[in-house]
Amino acid sequence: MANIKSQIKRIKVAERQRQRNKSAKSALKTFAAKFNSAWASGDKDETASAMHAAVKQFDRAAEKGIIHKNNAANKKSKMMKKLNGLGG
C-alpha cells in the first residue's frame with residue numbers, strides 16, 4: 001500500500017472508476033445480447049427497438065470514454081447491417 005496521501009487517494013479513485021467501467025461494459029454486453037436474441041427471433045419491430053436502446057447506450061459509453069468512439073461505431077454498424085438484412 002502506498003504511503004503518500006495523494007497516491008492513496010488516486011488508488012481509491014481508480015478503483016471507483018474501474019468498478020463503474022466494469023458495470024457499464026457489462027450493461028453494453030447485455031444490450032448487445034438482447035439485440036442479438038431479438039434478431040435471431042426474426043421479429044423486425046422487436047429488433048429495431050432493441051437496436052435503438054443499444055445504440056443509445058453505445059453512444060453514451062463512447063461519450064463518457066468507457067469505450068473508444070470507433071469501437072462504438074463498429075458495433076452500431078454491425079447491428080445496422082443485421083437489422084437491414086432482416087426481411088419483413
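Me: Which helix does Glu 63 lie in?

Reply: Glu 63 is part of helix 2. Note that the model is a predicted one.

Me: What makes Glu 63 count as buried or exposed?

Reply: Its relative accessible area is 72%. Exposed means over 50%. Glu 63 is therefore exposed.

Me: How do you know whether Thr 47 is buried or exposed?

Reply: Thr 47 is another residue found in helix 2. Its relative accessibility is 0%. Buried means under 20%, so Thr 47 counts as buried.

Me: Which residues does Thr 47 touch, leaving out those up to four places away in sequence?

Reply: Thr 47 touches Phe 35, Ala 38, Trp 39, Leu 83 and Leu 86. Two of these names return in helix 1, where Leu 28, Phe 35 and Ala 38 are buried. The buried residues of helix 1 pack against helix 2 and helix 3.

Me: What lies 2.6 Å from a polar atom of the Thr 47 side chain?

Reply: The backbone oxygen of Asp 43. The cut-off for a polar contact is within 3.5 Å.

Me: Why is helix 2 called roughly antiparallel to helix 3?

Reply: Helix 2 (residues 44-64) and helix 3 (residues 69-85) pack at about 175°, with axes 9 Å apart. Angles over 145 degrees count as roughly antiparallel. That makes the pair roughly antiparallel.

Me: Which residues make that contact?

Reply: From helix 2, they include Met 51, Val 55 and Phe 58. From helix 3, they include Ala 72, Met 79 and Leu 83. By class, the contact has ten nonpolar, one polar and five charged residues.

Me: What span does helix 1 reach, and what is expected?

Reply: Helix 1 (residues 5-41) has 37 residues. From its first C-alpha to its last it reaches 55 Å.

Me: Why is Ala 27 called partly exposed?

Reply: Ala 27 has its place in helix 1. Its relative accessibility is 31%. Buried needs under 20% and exposed needs over 50%. The value falls in between, so Ala 27 is partly exposed. Ala 27 and Lys 64 are 37 residues apart in sequence, and their C-alpha atoms are 14 Å apart in space.

Technical notes. Residues are numbered from 1 along each chain as its sequence is written. This is a predicted model: local features need pLDDT of at least 70, side-chain atom pairs count only at pLDDT 80 or more; totals for chains, interfaces and linings use all residues. Side-chain values use heavy atoms; hydrogens and water are left out. Axes are lines fitted to C-alpha atoms, for helices over the stretch in contact, and angles run from 0 to 180 degrees between N-to-C directions. Helices (H or I, at least four residues) and strands (E, at least two) are DSSP runs, numbered from the N terminus. Angles under 35 degrees count as roughly parallel, over 145 as roughly antiparallel, 65 to 115 as roughly perpendicular and the rest as oblique. Contact means heavy atoms within 4.5 Å. Ala, Val, Leu, Ile, Met, Phe, Trp, Tyr, Cys and Pro count as nonpolar, Asp, Glu, Lys and Arg as charged, and the others, Gly among them, as polar. Buried means under 20% relative accessible area, exposed over 50%, partly exposed in between (1.4 Å probe, protein chains only). A polar contact is a pair of N or O atoms within 3.5 Å; within protein, one must be able to donate a hydrogen and the other to accept it, and residues adjacent in sequence count only if both atoms are side-chain atoms. The expected span of a helix is 1.5 Å times one less than its number of residues.
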